[in-house]
Amino acid sequence: MAPLGLQLLPEDILACILRRLAPRSLAASRGVCKSWCALVDECHLLRTDLLPLSLYGIFFLEGDYPSLPKFFASHLIQGKIAAMPDYLNRECVLNHCNGLLLLWDEVVNPATRQRVVLPSPPPLCAGMEKFFDDRCLVFDPTVSPHYEVLHIPSVPPMPGSTAMFADESEWPPSRYPIQVFSSRTWTWEERLFVRRGEAAGTIADMKSDEQQEDRYAVYWKGAVYVHAQNDSIIRIILSDGEYEVINSPTSTKLGGHLHLGKSEKGVYYALTCSLQKRIQVWLLTDSCGRLEWILKNDIGLVPMFENISGDQDEHSASWMLHKGSYDEDAKETHAEDKLELNFENGIILEAGHNTEWDYRSEVIHFLGFHPCKEVAFLWLSEKRES
């Protein structure tokens, strides 16, 4: 409880006092009492650009979905996050947002080791019972301590599962029903989001055999961005009850995989192509109310593969790959700062060993974007035969 003298202060005076605190102290002050917590949140006193931001590890899937996640973590992780939480031995990470993880029916905070089981969502509306859903977690600790979980319908590929819609029907529909769970009310509700502009395509477009399976959704400044089945982006504005479709900046018809994410300046789209050994990255910008993709960089990754060697202890910081209890041992490996891509300055790599190989099979796996720096993390795998 706050001291009696501070309890008698008007809220505007108290807010001015709290605003003078250092970011860490201000964040800690939210735990003094409920009224202080509410004041800090309602006045938006915490600024994300002033908070200390660090990246201690990366959760990723090794192989195709639904494989269990791996945890690739810095040596700084000790005492900050459980090395390999037991719940990750049996469930996949479906989404994440600002430090929280969304599992199938749970929300987890790895830093505090807290987890909650979500209540079961209501059934989908009539005619959409067999539809799949893309799941998204919405959490902004600078706005509210509460979070939301969205179940966003997507078209199933099975014949006869979309009887309510003809193949020529627009998708998403003009009134898009989305199930939303709120931790504030601890209930699910169905919200209708009205479309601005054109649809992403038709039901038939969404049933294409070429659609990418590993699609994700990200939250950025009040809106959810969903990687749709035809590689366009569905932008859901939570406060307005509206959504709009943003066309993809590129196509995957010539090969490659698209990856949606967020980083320092907003929402990013990356295209990785193992055959051409390239990565392209676009940033979504807002110019006078018009959203458009700007190509940030187009990088050839051949030097990266040439730089791979079996022994990099000389210039590597030790990270640990935690595979969970279903593997015999955790595997220690190394991560180079030089393998991080800075989109402003490009990439500079030193020449690797000049070993010649008769055959090389190389694959680029995109792990994700750094949350507060324009850096992308890649996993490069190769098989060599001499």
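**Salt bridges around a strand**

R196 is partly exposed at 33% relative accessible area (partly exposed lies between buried, under 20%, and exposed, over 50%, with a 1.4 Å probe and protein chains only). Before going further: this is a predicted model, where local features need pLDDT of at least 70 and side-chain atom pairs count only at pLDDT 80 or more, while totals for chains, interfaces and linings use all residues. Residues are numbered from 1 along each chain as its sequence is written, and side-chain values use heavy atoms, leaving out hydrogens and water.

R196 and E244 join their side chains in a salt bridge, 3.8 Å from N to O (a Lys or Arg side-chain nitrogen within 4 Å of an Asp or Glu carboxyl oxygen). R196 sits in strand β11 and E244 in strand β16 (residues 242-246), so the pair ties together parts 48 residues apart in sequence. Strands here are DSSP runs of E, at least two residues, numbered from the N terminus.

Now look at R191, which has a salt bridge to E148 at 2.9 Å, N to O. R191 is in strand β11 (residues 187-196) and E148 in strand β8 (residues 147-154), so this pair links parts 43 residues apart in sequence. R191 also bridges to E189, with the closest N and O atoms 3.1 Å apart. E148 is buried at 19%, whereas E189 is partly exposed at 40%. A search of the whole structure gives 12 salt bridges.

Notes:
Helix = DSSP H or I, 4+ residues; strand = E, 2+ residues; numbered from the N terminus.
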